[in-house]
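Here's a quick walk through one model, with the cut-offs spelled out as they come up. Have the viewer open and follow along.

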Amino acid sequence: MYNYVFWIPLNYSATMFLDMNKYECTVCGYIYDPTEGDPSNGVPVNTPFEKLPQEWVCPICGATKDQFKKLNS
């Protein structure tokens, strides 16, 4: 059995370990940027695309999450 102890320095945030890539709506071209979130639809800043609620839709055209593609950084 192994015991591991992990520590994260205080100057690190949990969002540094999440996928903070931008995603583009393939229907209308809207770019979801996690660093901006979607405050008008209740999505706070620094919310990764994967953590968006399943019922979240594109604020421009209403496309579902499966109609977004990951943009290369």
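## Lys22 and its partner

Lys22 is partly exposed, at 39% relative accessible area; the scale runs buried under 20%, exposed over 50% and partly exposed in between, using a 1.4 Å probe and protein chains only. Its side chain meets that of Asp33 in a salt bridge, 3.9 Å from N to O. The bridge rule asks for a side-chain nitrogen of Lys or Arg within 4 Å of a carboxyl oxygen of Asp or Glu, and the count by that rule is one. Lys22 sits in the segment before strand 1 (23–25) and Asp33 in the loop between strand 2 (31–32) and strand 3 (68–70), so the pair ties together parts 11 residues apart in sequence. Strands here are DSSP runs of E, at least two residues, numbered from the N terminus. Asp33 counts as buried, at 11%.

## Ground rules

This is a predicted model: local features need pLDDT of at least 70, side-chain atom pairs count only at pLDDT 80 or more, and totals for chains, interfaces and linings use all residues. Numbering starts from 1 along each chain as its sequence is written, and side-chain values use heavy atoms, with hydrogens and water left out.

## The core and Tyr30

The largest nonpolar core has 11 residues, among them Tyr30, Trp56 and Phe68. Such a core is a set of buried Ala, Val, Leu, Ile, Met, Phe, Trp, Tyr and Cys residues joined through side-chain atoms within 4.5 Å.

Beyond its neighbours within four places in sequence, Tyr30 is in contact with residues including Tyr23, Gly37 and Ile60; contact means heavy atoms within 4.5 Å.

## Asn46

Asn46 has a positive phi, near 65°. Most residues other than glycine have a negative phi. Asn46 lies in the loop between strand 2 and strand 3 and is partly exposed, at 35%.

Technical notes
Helix = DSSP H or I, 4+ residues; strand = E, 2+ residues; numbered from the N terminus.
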